[in-house]
Amino acid sequence: MDIKLPKGTHDIIGAEAEAFESIETMLKNVVRNYGYLPIRTPIFEHTELFTRSVGDSSDIVRKEMYTFDDKAQRSLTLRPELTAGVMRAIVENKLDATAALPIKLFYTGPAFRYDRPQLGRFRQFYQFGVENVGIAHPYQVAETISLGYEALRYLGFESMTLKINSLGDGPSRDQYKEALKGFYKNQLSAMCPDCQARYQTNPLRILDCKVPTDIAINEKAPKISKFLSPNAQRHFNQVLAALKLQKIPFELDDNLVRGLDYYADVVFEFNYKSPSGKSYGAIGGGGQYNHLVRELGGQPLAGVGFAFGEERIFSVMTEAGLLDDHLPHIDAVVMPLDEKQDEFAFTILQNLRRETIASESTFDHKPLKNQFKFAEKRGAIVALIIGDQEVKDQQVTLKNLNTQEQQKVAIGDLLSAVEKVLEQEGHHHSSGGGDGCGCDGDCN
Ligand code: HAM
C-alpha cells in the first residue's frame, strides 16, 4: 500500500500517546482547582461561525480553513480553534442566560489549519484550552493568565516567557486603526498584496504579516499603547498589578496583536526557548473577548481564555527530559512451553488481567531465551513459566526478572505471589482486586 499520512499530520503511537494523555491529565488536575468543567464540541461547525468570530480578515479564515460542502450543500469547516465552538455551545444551550457566572469550561481536542508545516507546526494539532465567560473584574483576567502560567510550572517548565499587551477597548482600537491607516497610506505600494487587502478590511492584521520587508515597515508603525482609552489603560494596569502581586514575571510586548479578530483588551502568549536554542513557536496564547457571546446571539458577556498547543508542550518536555518513562510496560508474561499447556496458561493470563495485573502471552512456544527477550522488551518484571510438570502439579514457576530468583507457586497462591514481587520491585499496578493490592495498606 502506498498511501501515506496527509502532509502536516502525524501519528501518535504507544509511549508518545501515553505522554499526550498524561500531559492532558496533569493539565486537567490544575484547571479543576480553578473550577473548570469539561466541554466537548463538534470537530466541524458551520463555516459562518468562524468567519463571524475568528474573523474575515484573519489569516486563519482567509487562508487556513478546511472548508467543504456536505451532501446537502451546507458549508462546513473543520474547527481551526475551539473558542468559537465553545461560545456557540454556551449560547445554544442558553448557559449565558441560566448558568451561574462565570461559566468556566476546559477542552482538549484536535484543531485544523492549512498552515505551512515546520518545526512545531502541523495541519492537525491538539489544543488544551480554557474559557472563562461572564467575567466582571480584572482579577478574573489575571487569574486566567496565572492559571496558564501555573499549569506550565506544574508540568515542569522553568524558563518560559509570558508576553502581554492590551489591544484596548472599542474606542481605543478605532483610534488606533485610524492612526495605522494614516501611517500605511504612503507605504502601501511597497507592501505585499495581502497587506494591501488588510489595509481595507482590518489594518491591525498588517501587524501580523510575516513578509520580511513588511516586518521592517511594521517596526516603525504606531503602537497601540499610545492609544489606550483611560478605561482600557486602568483595566490593563489592574491586570498587571494582580500578576505582580503573585510574582508572575511578564514582558510587555507592544507588537503582540494575536491573529484572531475576536480579541479586545488584554492578550498574552507563553513562549519557551529550549536550552538547545530551538523555538517551537508560542506554547500557548489567549486573551479577552468582550463581544463574542453577544455577536453569536447571546447575552453581552465578556470572557477570557487561552489554549496550549499539545505538540509543542510535548516537544519541549521531551527535550527537557520532563516526561517520565512512558514505555507502555506490562507486569507479567505467561510462558507456556508447548501448546499442551495453552489452556492452563490462558486461564492464568485472564485471571491476572482480571486482577488488574497487566499481562501478556505470545503463545508462540519459542525457547525460553526468546520469551525472556520479549518480556524484557515489554518491561515485564515477572515471568510465569508453564511446562508439563507445572500443569500436572497445578503450579507455576514464577521468576523475578530483576533478581533472576525463581520459585514454584501453587495456583491458588499465584496472584498474591505476583503482587508481592511487583511490590518488592516497585512496580505499582492500578488496583488490587480480590487478593488486596499487596501494598501493606499504604496505597490510599
Ligand atoms: P492560537 O494562538 O491561535 O489561539 O492557538 C493556541 C496555541 O495552539 C498556540 O499557542 C500553539 O501552541 C498552538 N498552535 C496553533 N497553531 C498550531 C499549529 N499549526 N501546529 C501546532 N500547534 C499550533 C487560539 O486558538 C485561541 N482559540 C486561544 C484562546 C482561547 N483565546 C481565547 N480563548
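This is a predicted model: local features need pLDDT of at least 70, side-chain atom pairs count only at pLDDT 80 or more; totals for chains, interfaces and linings use all residues.
Residues are numbered from 1 along each chain as its sequence is written, and side-chain values use heavy atoms, with hydrogens and water left out.

The chain has 16 helices and 16 strands, where helices (H or I, at least four residues) and strands (E, at least two) are DSSP runs numbered from the N terminus. Its C-alpha atoms fill a box of roughly 95 × 50 × 50 Å along the principal axes. The radius of gyration of the chain is 28 Å, whereas a compact globule of 444 residues would have a value near 22 Å; the radius is taken over C-alpha atoms, and the globule rule is 2.2 Å times the number of residues to the power 0.38.

Of the 444 residues in the chain, 49% are buried, a term that means under 20% relative accessible area, with exposed meaning over 50% and partly exposed lying in between (1.4 Å probe, protein chains only). Among contacts between residues at least 6 apart in sequence, 69% join residues at least 24 apart, a contact being heavy atoms within 4.5 Å. The chain exposes about 22200 Å², of which carbon and sulfur atoms supply 50%; accessible areas come from the Shrake-Rupley method with a 1.4 Å probe, and for residues only the protein chains shown count as cover.

Strand S5 (residues 103–112) runs antiparallel to S6 and is joined to it by ten bridges, two strands being counted as paired if DSSP finds at least two bridges between them. Within this pairing, Ala111 stands opposite Phe125 in S6. S6 also pairs in the antiparallel sense with strand S11 (residues 303–309), over seven bridges, and here Gly129 stands opposite Ala307 in S11. In a regular strand the side chains alternate between the two faces of the sheet.

Two other loops hold residues other than glycine with a positive phi. Arg258, in the loop between strand S8 (251–252) and strand S9 (264–272), has phi near 65° and counts as buried at 13% relative accessibility. His365, in the loop between strand S13 (359–360) and helix H14 (368–377), has phi near 55° and is partly exposed, with a relative accessible area of 25%. Most residues other than glycine have a negative phi, and most peptide bonds are trans.

Two further residues differ in their surroundings. Thr41, in the loop between strand S1 (37–38) and strand S2 (44–46), is buried, with a relative accessible area of 15%; leaving aside neighbours within four places in sequence, Thr41 is in contact with Arg79, Gly85, Val86, Arg88 and Ala89. Lys244, in helix H10 (residues 230–245), is exposed, with a relative accessible area of 57%, and its C-alpha atom is separated by 33 Å from that of Leu119, 125 residues apart along the chain.
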